[in-house]
Amino acid sequence: TGACNPSCIWRVDAVSGAIDAAPVLVGVGQLEGLALDATGDNLYYTDRQNRTGRLTWSGAAYATPVACSDPAQQRPQDGYHLVADPALGLLVTDDNSTDLVRVATCAPTSVGANFSMNASFDRPQGIALGAAGEIYVSDVGRGRISRVDRTTGAVAPYEAGVNEPYGLEWMAGTTSWAGSLMVA
C-alpha cells in the first residue's frame with residue numbers, strides 16, 4: 001500500500017522480526033523474485049513487467065538500482081524467480097516464454113537468451129542451485145521439478161510427484177537436511 005504500490009522489497013530484522021520503516025526498493029511492477037550473489041554485494045530482482053535489476057551494497061544499504069536487461073526486448077518477459085550463478089550470470093524462470101532465460105551480463109542493454117530447450121516448461125516458477133551448481137526448476141503446470149544441464153540446457157524430469165511446485169531452495173549447512181532440495 002502507499003509507497004509500495006504495486007510492490008516493494010523489505011528488510012526484516014532476523015532477531016526481532018521487525019520490518020524496516022523504509023523499503024529497500026519500491027517496485028515499478030509486481031516484484032516476484034530476488035537473489036543475492038555469493039558475496040551478498042549485489043541483490044538482484046525480477047518483476048512481472050519484463051524487468052530484471054540489481055542493487056549494489058554501499059556499505060550501509062543496497063542502493064543505486066541498475067537494469068540488468070532491456071525491458072523492451074521482453075527477455076525475460078514474465079520473470080518469476082532467479083538465481084545469480086557465478087559462471088552463467090542470472091538465470092530467470094520466464095512464465096511467458098515457458099523457458100529458463102539466461103541474462104549473461106547485468107546491463108541496461110542486455111537481452112536474455114533461452115538457456116533451456118525451447119518450451120521446456122509449462123509455467124516455470126522456482127529455481128535453485130545445488131551444492132555443485134546443479135540447476136533445478138519447479139514447473140507448476142506439469143507438477144514436477146526438473147533438472148537443467150549446465151552445459152547444454154537440456155531439461156530432464158527430476159521429481160514428478162509434486163502438485164503445483166512453486167518456490168525452491170537448496171539446503172546447505174550442517175543440519176540433517178543439508179543437501180536437500182526444499183519445495184513449496
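Start by selecting Asn50: this residue is buried, with a relative accessible area of 16%. Here buried means under 20% relative accessible area, exposed means over 50%, and partly exposed is in between (1.4 Å probe, protein chains only). Asn50 sits in the loop between strand S4 (42-47) and strand S5 (51-57). Strands are DSSP runs of E with at least two residues, helices are runs of H or I with at least four, and both are numbered from the N terminus. Check the backbone too: phi of Asn50 is near 70 degrees, a positive value in a residue other than glycine.

A word on what you have open: this is a predicted model, in which local features need pLDDT of at least 70 and side-chain atom pairs count only at pLDDT 80 or more, while totals for chains, interfaces and linings use all residues. Residues are numbered from 1 along each chain as its sequence is written, and side-chain values use heavy atoms, with hydrogens and water left out.

**Next stop: the loop between S6 and S7**

Select Gln74, which is in the loop between S6 and S7. Phi of Gln74 is near 55 degrees, again a positive value in a residue other than glycine. Gln74 counts as partly exposed, at 34% relative accessibility. Now move along to Pro76, in the loop between strand S6 (62-67) and S7. The peptide bond that leads from Arg75 to Pro76 is cis, with omega near 5 degrees.

**Next stop: Val155**

Select Val155 in strand S14 (residues 155-159). Val155 is partly exposed, with a relative accessible area of 23%. Show its surroundings: leaving out residues up to four places away in sequence, Val155 touches Ser116, Met117, Ser120, Phe121, Ser146, Arg147 and Val148. A contact means heavy atoms within 4.5 Å.

**Next stop: the pockets**

Select Ala35, Leu82, Val83, Ile127 and Glu169, which lie nearest the centre of the largest pocket among its 20 lining residues. The elements giving two or more residues to this lining are strand S3 (31-36), strand S7 (79-85), strand S11 (124-129) and strand S15 (168-170). A pocket, on a 1 Å grid over the protein atoms alone, is an open set of points where a 1.4 Å probe fits, with protein on both sides within 12 Å along at least five of seven lines; lining residues have an atom within 4 Å of a point.

The space in the largest pocket is about 400 Å³. Such a volume is the space filled by probe spheres set on the points, with grid points joined across faces, edges and corners. Colour the lining of the largest pocket by type and you get 15 nonpolar, three polar and two charged residues. Ala, Val, Leu, Ile, Met, Phe, Trp, Tyr, Cys and Pro count as nonpolar, Asp, Glu, Lys and Arg as charged, and the others, Gly among them, as polar.

For the second largest pocket, select Trp10, Arg11, Val24, Leu43 and Tyr62, the residues nearest its centre out of 13 in the lining. Its volume is about 250 Å³. The lining of the second largest pocket has eleven nonpolar, no polar and two charged residues.

**Last stop: the whole chain**

Zoom out and switch to a cartoon: the chain has zero helices and 16 strands. Its C-alpha trace spans about 45 × 45 × 30 Å along the principal axes. Buried residues make up 45% of the 184 residues.
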